Every structure is written in structure tokens, then in C-alpha cells.
Amino acid sequence: MHRVVALVRPPQSTFELACAAQVFGIERPGLPMRYAFSVCTERPGPVATYAGYDMLVTDGLDALDQADTVVIPGWLPTTEPPSPAVVRVLRRAHSHGARVVSICSGAFALAHAGLLDGRRATTHWALADALAARFPHIRVDPNVLYVDHGDVATSAGAGAGFDLCMHLVRSDQGARYAAHIARTMVMPPHREGGQLQYSAPPHPAQIDGTLAPLLEWITARLSEPVTIESMAAHAGVSTRTLTRRFAEQLGTSPGQWLLAQRIATARDLLESSDLPLEAIARRVGLSSATNLRRRFLNTLGTTPGAYRRAFRAKPR
């Protein structure tokens, strides 16, 4: 059982905490529990929230010594640094091998602990300049949804906290397990961390230009040689207009989005079937096992074979 412990402080933002609790702390019918979720605080007892009520938190900082993942679900106000005791316990947890994760303003706590020095990190776009100015040794990227270094991860605004938590579940448990959780929350199973935090405001002409029908059309044809020209032709627009709509609505390019869908489907097939790599490659439109291996390694940092061995071994 992977132990996830959220560190809260008064006043606590409830939505950021709920992101982690909803992903890691809910028992779902038909899905084995693989996470144990708990909450701790520096001074156990009632913890005030920004929502106007108090939470009763009974665990102190020593709970972090047992954590496999530590989550900092926001750190407000950001001008108040964590106490020396909190800094020590965060550093100790990280040095003992715990993954340390921040949601939104929680990046400031990790920054004070020195866990982001020399690393790329993100936070809410409205806080990015303050984080960069206060901690010049951090490479702050204000445009992405999340950044994951394996041992330390940061996310943008609260909604991106869900994206990061789901990304971590996919990394820990595989795409199919994460997709089951996503379905229970009625949300997309995955958004790439490199997508933009926010898109340009829609113009009136774009309201009728939703990509949803086109995305469904593409998803049903992953085994076919779909090109940007065929996408544009199906949508009845120019390739330039299509590229602009992808950037505005999804924060990525048509080609990058299509590759992400091919890789996601390949992950699911590797987990759920015994199909050979050549068959999987053809089914997801990557033409050959060699191409699948190359794309898989570039995207996930592992091979299809290693991925299959890791996640087929997990009990369903």
C-alpha cells in the first residue's frame, strides 16, 4: 500500500486538499485500493480553512516519516515561510526516498525547503513571477500544467492538481487503473504536463469551432494514417486554422495530441492484452514495433516490454 500524506496549514485551501483526497483517498467499487491517504499538520487539532470551517487533524509532522508520497496542497499566504520544523521534516522525508509533490502555491513550501533548487518547477501562473523573484535558483515555468522529476513534482493552479495526481497514479499503477479513477470522477484520464495552463479567451467565431467531434473521429481511427491534412479536411478548415484551434483549446499541436493518444492506447493494450508489439503498433497507428519502442522510450523513458512487465505483474 502506497502511503500518501498531505501536509496542511491554517488557513488551508480546501480544493487543493480535495484534489489529492479524491484521487488517493477514495475507495472505488471494482478497483483494488493501492493508496492509504491521510492528513497531518504541524500543530494537531482544529485547522482553519479558507472555506469558513475548521478541519480536525489529529496527526502531527511525524506522519511524514512514514509517507511514500508527501503532498503540499497549497501554501497560503505565500509570503509566510514554513517553520524550521516543517522544513526539516520535508527535507528528511525527501532524503528517505519519499516523493514530494506540491499543488498550486504549495511550490513555495518546497522552495523554502530547497527541494526545487536548480530544477524546473511550476505554480499558478499568477504566482509564477513571485516564485521566480524570491527563489532565483529555480527555473520557473509559468506555462505548463505540471512538472515531474520523479522525486519532486509541482503543479499549476488547483485544477492542474488533479492532472498531476492522475499523472502520478498512471506512473505508479498504469494507464488502466488511472482511467478507472478518472471515469468515476467524470474527467479526462490524462492531460500532458506540457499543455498550457490557460488558453487565449475564445472569440465568438471559435465557440462553434469546438474540437470535440474531430477528436472523437480521430480516436476511432488511431490505426489509420491520420494526418493533419486529413484532420483539417474532416473539420472543414485549413491546416493553419486547425493548428490554431488545437493551440487555443488544448494547448498543444495536432501531431502532439495524436501521438499522446496513440501512446495512451498502447499503454492500455500492454497492460490488458498479450498482443505482440507488432500488433499493438499497428492497432495504434505506429506502424512497427521499432517505431513503437522509439516513441515509447522518448515519451515515457522506458520500453514497451519493461512497461508490460511492470504493470501486468500488479493484481487487478
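Strand 1 (2–8) and strand 3 (45–48) each give at least two residues to the lining of the second largest pocket. Strands here are DSSP runs of E, at least two residues long, and helices are runs of H or I, at least four, numbered from the N terminus. This is a predicted model, where local features need pLDDT of at least 70 and side-chain atom pairs count only at pLDDT 80 or more, while totals for chains, interfaces and linings use all residues. Residues are numbered from 1 along each chain as its sequence is written, and side-chain values use heavy atoms, leaving out hydrogens and water.

So what's a pocket? On a 1 Å grid over the protein atoms alone, it's an open set of points with protein on both sides within 12 Å along at least five of seven lines, and lining residues have an atom within 4 Å of a point. Of the 15 residues lining this one, Arg9, Pro10, Glu42, Arg43 and Trp75 lie nearest its centre.

## The largest nonpolar core

Such a core is a set of buried (under 20% relative accessible area, 1.4 Å probe, protein chains only) Ala, Val, Leu, Ile, Met, Phe, Trp, Tyr and Cys residues joined through side-chain atoms within 4.5 Å. The largest one has 33 residues, and Val71 is among those with the most contacts inside it. Helix 5 (158–173) is one of the elements giving two or more residues, and its seven are the largest share.

Contact means heavy atoms within 4.5 Å. Beyond four places in sequence, Val71 touches Val4, Val5, Ala6, Leu7, Ala20, Val101 and Ile103.

## Threonine 41

Look in strand 2 (residues 35–41) for Thr41. Thr41 counts as buried because its relative accessibility is 2%.

Notes
1 Å grid on protein atoms, 1.4 Å probe; cavity = no way out; pocket = protein on both sides within 12 Å on 5 of 7 lines; lining within 4 Å. Buried < 20%, exposed > 50% of the residue type's maximum accessible area, 1.4 Å probe, protein only.
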